Amino acid sequence: MKSLTRRLVVALGLPPPELQYEILLEAGGQRFLDLAWSDLRLAIEFDGRSKYSVNDDLWEEKLRQDAIGAMGWSFMRVTYADLNDEARLTSRVMEHMPPSVTLHARRVPGLWE
């Protein structure tokens with residue numbers, strides 16, 4: 001469903017994100033962000049329920065997000081439920097973008113309807 005999230009972002013007229021953006025963690029290791037704007041240090045991660053099937057998975061994901069956040073990145077997490085409420089998802093995406101980006105965003109007709 002990352003592709004649907006990306007489609008909404010593009011339909012909103014926002015700059016296209018980098019897909020599966022590789023980030024090197026300061027403590028070592030790497031992580032791939034689903035959708036990223038490296039210049040804005042902003043990432044959108046799509047989360048399905050099965051991603052957190054084991055308690056350790058949730059803890060490890062929290063530690064990775066904390067490490068990336070410590071590098072100045074902010075996150076937005078999207079779930080399947082978010083894709084069913086376009087207005088809410090649109091609002092959340094736009095809230096995470098800086099005004100310098102949202103001021104120039106122009107919705108692309110027919111791309112999301």
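Reader: Which residue does lysine 62 form a salt bridge with?
Author: Aspartate 66. The closest N and O atoms are 2.2 Å apart. Keep in mind that this is a predicted model.

Reader: Where do lysine 62 and aspartate 66 sit?
Author: In helix H2, four residues apart. About one helical turn separates them.

Reader: Is lysine 62 buried or partly exposed?
Author: Lysine 62 is partly exposed, at 37% relative accessibility. Aspartate 66 is also partly exposed, at 39%.

Reader: How many salt bridges does the structure hold?
Author: Eight. One of them joins arginine 64 to glutamate 61, with the closest N and O atoms 2.7 Å apart. These two lie three residues apart in helix H2, about one helical turn.

Reader: What about accessibility there, for arginine 64?
Author: Arginine 64 is partly exposed at 27%. Glutamate 61 has a relative accessible area of 4%. The cut-off for buried is under 20%, so glutamate 61 counts as buried.

Reader: Which residues are linked in a network of salt bridges?
Author: Arg31, Glu45, Glu61, Arg64 and Arg77.

Reader: And arginine 92, what does it form a salt bridge with?
Author: Aspartate 82, with the closest N and O atoms 3.1 Å apart. That pair links distant parts of the chain: arginine 92 is in helix H4, aspartate 82 in helix H3, 10 residues apart. Both residues are buried.

Reader: Staying in helix H4, where does threonine 90 lie?
Author: Threonine 90 lies within helix H4, residues 86–96. Threonine 90 is buried, at 16% relative accessibility.

Reader: What is threonine 90 in contact with, leaving aside neighbours within four places in sequence?
Author: Leu8, Leu12 and Arg107.

Reader: New topic. How many aromatic pairs?
Author: Two. Tyrosine 21 and tryptophan 73 form a tilted one, 5.6 Å centre to centre with 35° between the planes. Tyrosine 21 is in strand S1, and tryptophan 73 is in the loop between helix H2 and strand S4, so the pair ties together parts 52 residues apart in sequence.

Reader: Is tryptophan 73 buried or exposed?
Author: Buried, with a relative accessible area of 6%. Tyrosine 21 is partly exposed at 23%.

Reader: Why is the phenylalanine 46 and tyrosine 80 pair edge-to-face?
Author: The planes of the two rings stand at 90°. Edge-to-face means over 60 degrees, so this pair qualifies. The ring centres are 5.0 Å apart.

Reader: Which elements does that pair link?
Author: Strand S3, holding phenylalanine 46, and helix H3, holding tyrosine 80. The two residues are 34 residues apart. Phenylalanine 46 is buried at 11%, whereas tyrosine 80 is partly exposed at 48%.

Note on methods. Residues numbered from 1 in each chain as written. Predicted model: local features only at pLDDT ≥ 70, side-chain atom pairs only at ≥ 80, totals over all residues. Heavy atoms only, no water. Buried < 20%, exposed > 50% of the residue type's maximum accessible area, 1.4 Å probe, protein only. Contact = heavy atoms within 4.5 Å. Phe/Tyr/Trp six-rings, centres within 6.5 Å; stacked < 30°, edge-to-face > 60°. Salt bridge = Lys/Arg side-chain N within 4 Å of Asp/Glu carboxyl O.
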